[in-house]
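Colleague: I am new to this structure and would like to learn how to read its features one at a time. Could you take me through them slowly, with the general idea before each case?

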Amino acid sequence: MRPLDPIDRAILAALQLDGRTAISALAREVGLSNTACTERVRNLESAGIITGYTAVLDAAKLGLGLTAFIEVSLERISTETFEQFKAAILAIPQIEECHMVAGGFDYLLKVRVADMAEYRHFLGTALSQVPGIRQTHSYPVMEELKTGPHLAILSA
């Protein structure tokens with residue numbers, strides 16, 4: 001794929017705000033014909049820059065009012081430990097995100113549950129069954145100041 005130009009960046013920014021935008025409206029917004037805009041979007045999809053389209057849901061309205069971040073330290077560092085941990089984490093639906101990090105612990109989890117009672121249950125059942133965990137530290141979120149799926153589309 002060629003380097004992104006300002007039109008590609010405008011398409012990406014617009015689709016992040018509303019992935020359901022009609023091609024005709026998107027084409028008008030970025031100053032292209034419908035055909036040229038469709039081709040650009042397909043190229044961005046083919047290049048893996050656009051990886052999919054999704055609806056953004058309100059977690060609280062779905063009964064998932066508590067977000068918590070959990071630092072996880074593993075007992076030992078090995079390929080087998082990482083693979084077992086990964087398989088277990090992928091099977092737990094309350095874990096929204098999991099990132100391997102550098103620093104004082106191995107992974108950072110983002111968890112969404114209904115409330116503190118459910119969080120305590122989650123820790124005692126689901127997370128306690130994950131193999132290889134040596135230690136965790138929990139950080140329940142008191143207030144979300146900024147959250148969302150949007151990336152900064154900066155000009156080159």
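Colleague: How should I read the packing of helix H1 and helix H2, and at what angle do they pack?

Modeller: Two packed helices are described by the angle between their axes together with the distance between those axes. In this model, which is predicted, helix H1 covers residues 6-17 and helix H2 covers residues 23-30, and the two pack at an angle of about 135 degrees with their axes 10 Å apart.

Colleague: Which word describes how H1 and H2 lie to each other, and is their crossing left-handed or right-handed?

Modeller: Angles over 145 degrees count as roughly antiparallel and those from 65 to 115 as roughly perpendicular, and H1 and H2 are therefore oblique to each other. Their crossing is right-handed.

Colleague: Staying with helix H1, is Asp8 buried or exposed?

Modeller: Asp8, which is found in helix H1, is buried, with a relative accessible area of 0%. Along the chain Asp8 is 33 residues from Val41, and the C-alpha atoms of these two are separated by 8.2 Å.

Colleague: With which residue does Asp8 form a salt bridge?

Modeller: Side chains of opposite charge can pair when their charged atoms come close. Here Asp8 forms a salt bridge with Arg2, and the closest N and O atoms of the pair are 2.5 Å apart. The two partners can be read side by side: Asp8 counts as buried at 0% relative accessibility, whereas Arg2 is partly exposed, with a relative accessible area of 38%.

Colleague: How many salt bridges does the count come to, and which residues are linked in a network?

Modeller: The count comes to seven salt bridges, and Glu96, Glu97, Lys110, Arg112 and Glu144 are linked in a network of them. One of the pairs is Glu96 with Arg112, where the closest N and O atoms are 2.5 Å apart. Glu96 lies in strand S2 (residues 95-100) and Arg112 in strand S3 (residues 107-113), so this pair ties together parts that are 16 residues apart in sequence. Of these two residues, Glu96 is partly exposed, with a relative accessible area of 40%, while Arg112 is buried, with a value of 13%.

Colleague: What is the distance between the closest N and O atoms when Lys110 forms a salt bridge with Glu97?

Modeller: For Lys110 and Glu97 the closest N and O atoms are 4.0 Å apart. Lys110 lies in strand S3 and Glu97 in strand S2, so this pair ties together parts that are 13 residues apart in sequence. Lys110 is buried, with a relative accessible area of 9%, and Glu97 counts as partly exposed at 31% relative accessibility.

Colleague: Where does Gly65 lie, and how many Å apart in space are Gly65 and Ala36?

Modeller: Gly65 lies in the loop between H3 and S1, and at 57% relative accessibility Gly65 counts as exposed, because exposed means over 50% relative accessible area. Gly65 and Ala36 are 29 residues apart in sequence, and from C-alpha to C-alpha they are 43 Å apart in space.

Key. Residues are numbered from 1 along each chain as its sequence is written. This is a predicted model: local features need pLDDT of at least 70, side-chain atom pairs count only at pLDDT 80 or more; totals for chains, interfaces and linings use all residues. Side-chain values use heavy atoms; hydrogens and water are left out. Axes are lines fitted to C-alpha atoms, for helices over the stretch in contact, and angles run from 0 to 180 degrees between N-to-C directions. Helices (H or I, at least four residues) and strands (E, at least two) are DSSP runs, numbered from the N terminus. Angles under 35 degrees count as roughly parallel, over 145 as roughly antiparallel, 65 to 115 as roughly perpendicular and the rest as oblique. A crossing is left-handed if the near helix is turned anticlockwise from the far one by less than a right angle, and right-handed if clockwise. A salt bridge is a side-chain nitrogen of Lys or Arg within 4 Å of a carboxyl oxygen of Asp or Glu. Buried means under 20% relative accessible area, exposed over 50%, partly exposed in between (1.4 Å probe, protein chains only).
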